[in-house]
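Reader: Please show me the sequence and the model, and then let us go through the terms used to describe them.

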Amino acid sequence: MSAKGVRPQTLVTIALVVGVLGWLLLRLTGGSQSLPTAGWSGVVLLAFMAAGVYWAGVPVQKMREGSTAKPISPLRAARTLVLAQAAALAGSALVGWYAAQALLLLPDLDIESQRARLWVMLGHLVVTVLLVIAGMITQRKCRVDPPTGPTAADGLPEPTGGAPA
């Protein structure tokens, strides 16, 4: 991770690598017949996770904007940032995994049971994209921009007034 946080290029790379490796692994182990079964409960769980990650960043954003009378601890803000970044990274890996499974199901769309499994995989794919988006939005909410204006050699802002040291 860079000083600016998780970058979208990193997330795309993770999704592509996991997708290709997952597709190869599943293809070598039996194709669409070897796919693990996934249910709609996983879609609901991932949607709640995405909502939780998003709402975890709301108090941090309000504190940054100064629109709350109740301050939060810096440790909580740091933990929220780590949660957001972990959600984005894990979500991008899951995007690749569910995309690989969906691709394996495409040749068997004429079979009703495989078509039903594809809809479940696409549901998982959509909510994992939402998890990535929630992580990136929350990461942005936690961002503290560097101070603007003149800085001293040590990187601290120059004093704006008062007696010289």
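Author: Buried means under 20% relative accessible area, exposed means over 50%, and partly exposed lies in between, with a 1.4 Å probe and protein chains only. By that rule, buried residues make up 33% of the 165 residues in the protein chain. The model is predicted: local features need pLDDT of at least 70, side-chain atom pairs count only at pLDDT 80 or more, and totals for chains, interfaces and linings use all residues. Residues are numbered from 1 along each chain as its sequence is written, and side-chain values use heavy atoms, with hydrogens and water left out.

Reader: What makes up the pattern of the protein chain read along the sequence?

Author: The pattern is α-α-α-α-α, with five helices and zero strands. Helices (H or I, at least four residues) and strands (E, at least two) are DSSP runs, numbered from the N terminus.

Reader: Why are α4 and α5 called roughly antiparallel?

Author: The axes of α4 (residues 74-105) and α5 (residues 112-141) cross at roughly 155° and come within 7 Å. Axes are lines fitted to C-alpha atoms, for helices over the stretch in contact, and angles run from 0 to 180 degrees between N-to-C directions. Angles over 145 degrees count as roughly antiparallel, under 35 as roughly parallel, 65 to 115 as roughly perpendicular, and the rest as oblique. The pair α4 and α5 is therefore roughly antiparallel.

Reader: Why is serine 92 called buried?

Author: Serine 92, in helix α4, has a relative accessible area of 2%, so serine 92 is buried. Apart from residues up to four places away in sequence, serine 92 touches Leu11, Ile14, Ala15 and Val132; contact means heavy atoms within 4.5 Å.

Reader: How do you know that threonine 128 counts as buried?

Author: Threonine 128 has 0% relative accessibility and therefore counts as buried. This residue of helix α5 touches Leu46, Gly91, Leu94, Val95 and Tyr98, not counting residues up to four places away in sequence.

Reader: Which residues of the largest nonpolar core touch the most other members?

Author: A nonpolar core is a set of buried Ala, Val, Leu, Ile, Met, Phe, Trp, Tyr and Cys residues joined through side-chain atoms within 4.5 Å. The largest has 21 residues, and Leu11, Leu131 and Met136 touch the most other members. The elements giving two or more residues to this core are α1 (8-28), α2 (40-56), α4 and α5; α5 gives the most, with eight residues. Methionine 136 is in contact with Val6, Pro8, Leu11 and Ala88, leaving aside its neighbours within four places in sequence.
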